[in-house]
Amino acid sequence: MNIYRIRGGEALKGEVDISGAKNAALPILAATILTDETITLENVPKVNDTVIMVETLEKLGSSVEYLDDNTLRINTSAIDKYEVKNPNIKKIRASYYFAGALLGRYRQAVVPLPGGCNIGGRGLDMHEKGFEALGASVKITASDIVVDGTEAELSGTRIYMDKVSVGATINIMLAAVLTPGKTIIEGAAKEPHVVDVANFINGIGGHISGAGTDRIRITGVQSLRGGTYAVIPDQIEAGTFMMAAAITHGDITVKNVIPTHLESISSKLKEIGCKIQESDDWVRVIGPAGRLKRTQVKTLPYPGFPTDMQPQISVALGLADGISTVVESIFDNRFMYVNELKKMGCNITVDESTTAYIDGVEYYQGANMTSPDLRAGAALVLAALAAKGGSDIDGIEYIERGYENFDKKLRQLGADIQKMEV
Ligand code: UD1
């Protein structure tokens, strides 16, 4: 088993290059199924989730070549099966994108039910509703999502989403790109990775407009071409390093980012006492010399404050002067890290699984902790970096699902963190 061994107390300083966005790369990898021609994808983060997606593409019959750690050449024209079989696929949530992509291209798919982080009930009803509206039949069995569009002709339609869902918005896009007629998604998610998937598909001949607004229009085309595409920078990885500057009273410049994607995070950091400077493709966060200030946070769909940054900002507020509240409005089980954080002396209580009340302390004390999920794991690492004394964190395979070279990048900023086998 691997752990991170961390000795806290260093102010993190310097520059860090942000990797490509995991949550954009995953659906774009699935979207390569929509064309017979060769795709070259750049800026793909080499993290466990993308490696599992690649493995699965190969098992379906695609050829995938790593030109370097972050550049892949993919050709999916030899896919000859529509049933996804990879024991590792259960570890990730994004497996559901194979359902949309295989349905779109081959009109049928059998995909194991998604796994991923246990951060609350993560339904599939919006995905199901979208596929059915396009004319497919959908069965959710005890183990699989079974989608069949071979009985009747699929055709474009208007779909009203009952809740804002990143996964369902992208999945319906994937299924609709090659479906005749016009598909309109009302109440679509507006996250940067939704826009990135649309840009990728349009770049190879698709017809998607309105991505980034709550109404996306897709006009079906007969086929897509090949091409080269670079994935956008990871909003959440950037936000995590920005929060590290605040928590450790450091000074970090995140490079290769799109600052507009980080606005909700930058603005909270200003509220809690950090200085922010930014240019076209970098943001610099300077933590205050004294205590952080208290504030209130509510997670919301983009452009609101991201749920994937909720644990990290809670760790920061645990060190702020006064009482802060953090309301989680997207997932119903996203405070599982709280008991771990309490081991460090954090004064945090959670009400009805949705609201955390945090009475800031002056410092955290090092402790041994278990990472309960991807983002919470990263947040515990930040807490340990700010703590007095040493901490061991296990369960780091969760963290490695989403952060490329996390320990190495932190060391470059001056952190005392080692990955060790125990
Ligand atoms: C994606 C991201 C995840 C991020 C989340 C919200 C990936 C692989 N994961 O997850 O990191 O935290 O967006 O930004 O990109 N819901 C339903 N029925 C559905 C679909 C969703 O009830 O059919 C609910 C979910 O339970 C949740 C909310 O809608 O409460 C938002 O979920 P969604 O946006 O779909 O998140 P994911 O795509 O799972």
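User: Which residues of H3 meet which residues of H5?

Analyst: Tyr96, Tyr97, Ala99, Gly100, Ala101, Leu103 and Gly104 in H3 meet Val166, Gly167, Ile170, Asn171, Leu174 and Ala175 in H5; contact means heavy atoms within 4.5 Å. This is a predicted model, in which local features need pLDDT of at least 70 and side-chain atom pairs count only at pLDDT 80 or more, while totals for chains, interfaces and linings use all residues. Residues are numbered from 1 along each chain as its sequence is written, and side-chain values use heavy atoms, with hydrogens and water left out.

User: At what angle do the axes of H3 and H5 cross, and why is H3 called roughly parallel to H5?

Analyst: The axes of helix H3 (residues 96–106) and helix H5 (residues 166–176) cross at roughly 20° and come within 7 Å. Angles under 35 degrees count as roughly parallel, over 145 as roughly antiparallel, 65 to 115 as roughly perpendicular and the rest as oblique, so H3 is roughly parallel to H5.

User: What makes the pair of Phe200 and Tyr229 edge-to-face?

Analyst: Rings of Phe, Tyr and Trp (its six-membered ring) pair if their centres lie within 6.5 Å; planes under 30 degrees apart count as stacked, over 60 as edge-to-face and the rest as tilted. The ring centres of Phe200 and Tyr229 are 5.6 Å apart and the planes are at 65°, so this pair is edge-to-face.

User: Why is the pair said to tie together parts that are 29 residues apart in sequence?

Analyst: Phe200 lies in helix H6 (residues 192–203) and Tyr229 in strand S13 (residues 227–230), so the pair links those parts. Helices (H or I, at least four residues) and strands (E, at least two) are DSSP runs, numbered from the N terminus.

User: Are Phe200 and Tyr229 buried or exposed?

Analyst: Buried means under 20% relative accessible area, exposed over 50%, partly exposed in between (1.4 Å probe, protein chains only). Phe200 has 1%, so Phe200 is buried; Tyr229 has 15%, so Tyr229 is buried.

User: What about Glu15: why does Glu15 count as exposed?

Analyst: Its relative accessibility is 51%, so Glu15 counts as exposed. Glu15 is in strand S2 (residues 13–17) and touches Thr253, Lys255 and Leu413, not counting residues up to four places away in sequence.

User: How far does Lys388 lie from the ring centre of Tyr363?

Analyst: Lys388 lies over the face of Tyr363, at 3.8 Å from the ring centre. A charge sits over a ring if NZ of Lys or CZ of Arg is within 6 Å of the ring centre and within 35 degrees of the ring normal.

Technical notes
Axes fitted to C-alpha atoms, helices over the stretch in contact; angles between N-to-C directions.
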